[in-house]
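Open the model in your viewer and keep the selection panel at hand.

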Amino acid sequence: MSSRALESSIHIDLADRLTYSDYLKLNNLLNAQQPLSKPAHHDEMLFIVQHQTSELWMKLLIHELSAARMHIKNDALEPCFKILSRVKHVQTQLLNQWSVLATLTPSEYLQFRDVLGHASGFQSWQYRILEYTLGNKNRAMMAVHKHDLYAYEQLEKALCAPSIYDEFLAYLNRKGFAIPGEVLGRDFTKPHEPHPEIVAVFKKIYTDPSTHWDAYEMAEKLVDIDEHFSLWRFRHLKTVQRIIGCKIGTGGSSGVPFLKQVVDLVFFPEIWDVRTEL
């Protein structure tokens, strides 16, 4: 087998210099996987890495969606298109991760499930911020985070802030579309309720996309995100069902029946409803 020579230009004296490992804080990152089963069960590592990786992707999603929301607020939709395309690709990574966790069999999971105690993905405050940012506002979901002051404060900010859809509707209003005043001035801590006049606005946009191209493109980007979120929820449901059947979740939920309740939830209802009207 031939070997590749080390090029003379490659830096090998890295003492007192920033390295790849330093930049990424790999010592901290790679030491964050601490199985609790004793002796450590082989598959617990998969379970930990799966969820830690998901949290890192969700951190990026929050970062990107926050930037997109600010662009919309500043009447700049075009920078959002690149951002929201990236968001969709990150969602694809999260969706595909379920296939890795699905290799965990029921008997393998039972070997370490008890060490989780009441720990559950339902308690992911980053996931909840994502839902709030996209518009699924529900203050009751914050109750499980009362013990964590930082998480609770971040959730409170996300709950009270306009969702990305709220900002888009406000943008459309500024551009001359007739968005109802009660929608624009609503309590942002509550979920958005579908409104027939907003369907009419999107019908105008979709009927003549060349005239309203930016709004049309933005609506389609939002549908991409909404669809991928639904697919993620469904894949989550099937993975849980495959591994634990209809057992009660570690966090106390009914498990599969609880997850089924949100599979069909949509963040941007009028952009879906307009398809029937066209």
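Show the whole chain as a cartoon: this predicted model has 13 helices and zero strands. Read from the N terminus on, the elements run α-α-α-α-α-α-α-α-α-α-α-α-α. The C-alpha atoms fill a box of roughly 65 × 55 × 40 Å, taken along the principal axes. Of the 278 residues in the chain, 40% are buried. Among contacts in the chain with a separation of 6 or more, 71% are between residues 24 or more positions apart.

**Stop 1: H3 and H4**

Select residues 78–101, which form helix H4, together with residues 44–73, which form helix H3. The axes of H3 and H4 come within 9 Å and cross at roughly 165 degrees. Angles over 145 degrees count as roughly antiparallel, and H3 and H4 are therefore roughly antiparallel to each other. Their crossing is left-handed. Colour the contact of H3 with H4 by residue class, and there are 20 nonpolar, eight polar and two charged residues.

Stay on H3 and pick His63, which lies in this helix. Is His63 buried or exposed? His63 counts as exposed, at 55% relative accessibility. His63 and Val87 are 24 residues apart in sequence, and their C-alpha atoms are 9.8 Å apart in space.

**Stop 2: Glu131 in H6**

Move to helix H6, residues 125–134, and pick Glu131 within it. With a relative accessible area of 4%, Glu131 is buried; the cut-off for buried is under 20%. Which residues does Glu131 touch, not counting those up to four places away in sequence? The answer is Asn136, Phe229, Arg233 and Phe267.

The side chains of Glu131 and Tyr127 are joined by a polar contact of 2.8 Å.

**Stop 3: Ser163 in the loop**

Select Ser163, found in the loop between helix H7 (149–160) and H8. Although Ser163 is in a loop, this residue is buried, with a relative accessible area of 2%. Its contacts, leaving aside neighbours within four places in sequence, are with Arg69, Tyr132, Thr133, Leu134, Gly135 and Lys137.

**Stop 4: H8 and H11**

Go on to helix H8, residues 164–174, and select helix H11, residues 213–244, as well. H8 and H11 pack at an angle of about 165 degrees, with their axes 12 Å apart. H8 and H11 are therefore roughly antiparallel to each other. H8 passes H11 in a left-handed crossing.

Which residues of H8 and H11 meet? On the H8 side, show Ile164, Tyr165, Phe168, Tyr171 and Leu172; on the H11 side, show Asp214, Ala215, Met218, Ala219 and Leu222. By class, the contact of H8 with H11 has nine nonpolar, no polar and one charged residues.

**Stop 5: H13 and what covers it**

Select helix H13, residues 269–277, and pick out its buried residues, Pro269, Glu270, Ile271 and Val274. What covers the buried residues of H13? The cover includes H8, helix H10 (196–207) and H11.

The axes of H10 and H13 come within 9 Å and cross at roughly 65 degrees. Angles from 65 to 115 degrees count as roughly perpendicular, and H10 and H13 are therefore roughly perpendicular to each other. The crossing of H10 and H13 is right-handed.

To see the contact, show Ile198, Val199, Phe202, Lys203 and Tyr206 in H10, which meet Glu270, Ile271, Asp273, Val274, Arg275 and Glu277 in H13. The residues of this contact divide into six nonpolar, no polar and five charged. Glu270, Ile271 and Val274 belong to this contact and are also among the buried residues of H13.

Notes:
Residues are numbered from 1 along each chain as its sequence is written. This is a predicted model: local features need pLDDT of at least 70, side-chain atom pairs count only at pLDDT 80 or more; totals for chains, interfaces and linings use all residues. Side-chain values use heavy atoms; hydrogens and water are left out. Axes are lines fitted to C-alpha atoms, for helices over the stretch in contact, and angles run from 0 to 180 degrees between N-to-C directions. Helices (H or I, at least four residues) and strands (E, at least two) are DSSP runs, numbered from the N terminus. Angles under 35 degrees count as roughly parallel, over 145 as roughly antiparallel, 65 to 115 as roughly perpendicular and the rest as oblique. A crossing is left-handed if the near helix is turned anticlockwise from the far one by less than a right angle, and right-handed if clockwise. Contact means heavy atoms within 4.5 Å. Ala, Val, Leu, Ile, Met, Phe, Trp, Tyr, Cys and Pro count as nonpolar, Asp, Glu, Lys and Arg as charged, and the others, Gly among them, as polar. Buried means under 20% relative accessible area, exposed over 50%, partly exposed in between (1.4 Å probe, protein chains only). A polar contact is a pair of N or O atoms within 3.5 Å; within protein, one must be able to donate a hydrogen and the other to accept it, and residues adjacent in sequence count only if both atoms are side-chain atoms.
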